[in-house]
Amino acid sequence: MDFERSAGVLLHPTSLPSRYGIGDLGDSAYQFVDFLVDARQQLWQILPLGPTGYGDSPYQCFSAFAGNPLLISPDRLVAEGILPAEAVAEVPPFPSVVVDFGTIIDYKRDLMRQAYRHFLAEGDTDQRAAYDEFCANTAYWLDDFALFMALKEHHKDQDGGVWNTWPKPIAKRQVRAMKQWADELVDEIGLHKFQQFLFYKQWLELKAYANERGIRIIGDIPIFVAYDSADVWSHPDLFHLKKDGSPALVAGVPPDYFSATGQRWGNPLYDWDKMDADGYSWWIQRIHMNLVQADIARIDHFRGFEAYWEIPAEEPTAVVGRWVKGPDAAVFEAIQNKLGDLPIIAEDLGVITPEVEALRDRFNF
């Protein structure tokens, strides 16, 4: 894809000012777009927008498809009649310069429960129809994600709720267990689906506002996903896992000028042969959803598609490992055949070889 020379700003929405302790998709986000326009900028680069897990990092998300409910604007919910105004009449005195995730998560989760109860009791016909349509269109990832999050909360006192510590029938996704837990946790599942509906509604409205004013959004796709995620639990065959579900091989980069022991990221590695046999359908779906969120997608650690550093999971550092050939052009050919021209930026930090540059140039990234 051809890119015109342009400039912009990198800002994750969580950094926007808000009386709720964390930036959201409310008025401040629209004001930031107006600022970009006034400053004659054309790009807003964001970090991943997914629901954060370990360390509250956007690069360790519970899903490669879902949005972060913490970004939902309570004020917009009140304006649309989805959240009662009295729910935000008094807001705790959150810090103004840092995000206190622990406190904010509990506070916003309570607000979302109130909004969900109000929606079930008072939601109008159009709102319900929009919600039903969203659930139907995203069922290919939403159903697993909502069940995954409900199960994590139910088992949170058991090793932090990591999915391979759940009872074996549901950790292994046995049909009977899936039905049993879906019935038992139906209310929590509904809440998580509702939060995703609200996130995507608010984000896509903001994105449309930006696009109408000449601002394009640059999204962010970490090449690897978190182990404790709906992606790995729902597609274990696509990753190198042991019989107990734990990672067999993990990602990282070898020792270099910056670190004598390299970087052991710990993300499970893909089984690229399995993905190839499946026509790379998971990657096609992932890129599609990211290009719903953004106009352009930046792929973090792009060089891993050409070759990646494979570390045995039991190794404490990245010293012991090896370079393994990645899927190279095959994955992007499959994606391009389904989605057409790919507006992708390839991140090129690290040791970039001629083979990586050839892969980038082949698709005009």
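Cys 135 is buried, at a relative accessible area of 13%. Buried here means under 20% relative accessible area, exposed means over 50%, and partly exposed is in between, with a 1.4 Å probe and protein chains only. Cys 61 is also buried, at 11% relative accessibility.

A word on the source. This is a predicted model, where local features need pLDDT of at least 70, side-chain atom pairs count only at pLDDT 80 or more, and totals for chains, interfaces and linings use all residues. Residues are numbered from 1 along each chain as its sequence is written, and side-chain values use heavy atoms, with hydrogens and water left out.

Now helix 1. Helices (H or I, at least four residues) and strands (E, at least two) are DSSP runs, numbered from the N terminus. Helix 1 covers residues 27-38, twelve residues. From first C-alpha to last it reaches 16 Å, close to the 16 Å expected at 1.5 Å a residue. The expected span is 1.5 Å times one less than the number of residues.

Which residues of helix 1 are buried? Ser 28, Ala 29, Tyr 30, Phe 32, Val 33 and Leu 36. The buried residues of helix 1 pack against strand 1 (8-10) and strand 2 (43-45), and also against helix 2 (74-79) and helix 8 (186-212). Contact means heavy atoms within 4.5 Å. Just after helix 1, Arg 40 takes a positive phi of about 60°.

Stay with helix 8 for a moment. Lys 207 is found there. Is Lys 207 buried or exposed? Lys 207 counts as buried, because its relative accessibility is 10%. Leaving out residues up to four places away in sequence, Lys 207 touches Ile 217, Val 292, Gln 293, Ala 294 and Asp 295.

A contrast: Gly 81. This glycine is found in the loop between helix 2 and helix 3. Gly 81 is partly exposed, with a relative accessible area of 41%. Gly 81 and Gly 161 are 80 residues apart in sequence. In space they are 34 Å apart, C-alpha to C-alpha.

Next, pockets and cavities. Both are found on a 1 Å grid over the protein atoms alone. A cavity is a set of points where a 1.4 Å probe fits but cannot get out. A pocket is an open set with protein on both sides within 12 Å along at least five of seven lines. Lining residues have an atom within 4 Å of a point. Grid points are joined across faces, edges and corners, and a volume is the space filled by probe spheres set on the points.

The largest pocket holds about 780 Å³ of space. It has 32 lining residues, and the closest to its centre are Thr 52, Gly 53, Phe 62, Met 149 and Lys 152. Helix 3 (101-122), helix 5 (139-154), helix 8 and strand 5 (263-268) each supply at least two residues of this lining. Which element gives the largest share? Helix 3, with five residues. By class, the lining has 14 nonpolar, ten polar and eight charged residues. For the classes: Ala, Val, Leu, Ile, Met, Phe, Trp, Tyr, Cys and Pro count as nonpolar, Asp, Glu, Lys and Arg as charged, and the others, Gly among them, as polar.

The second largest pocket has a volume of about 600 Å³. Of its 22 lining residues, Val 253, Gln 263, Trp 265, Asp 300 and His 301 are the closest to its centre. Strand 5 and strand 6 (296-300) each supply at least two lining residues. Strand 5 has the largest share, three residues.

On to cavities. How many have 30 Å³ or more? Three. The largest cavity has a volume of about 220 Å³. Its lining has 25 residues, with Pro 48, Ser 63, Ala 64, Pro 222 and Arg 286 nearest its centre. Strand 3 (216-222) and helix 11 (281-293) are the elements that give two or more residues to this lining. Strand 3 gives the most, four residues.

Last, the second largest cavity, with about 80 Å³ of space. Its lining residues include Ser 63, Tyr 140, Trp 141, Asp 144, His 235 and Trp 282. Helix 5, helix 9 (230-234) and helix 11 give two or more residues each. The largest share, four residues, comes from helix 5. The lining divides into six nonpolar, four polar and two charged residues.
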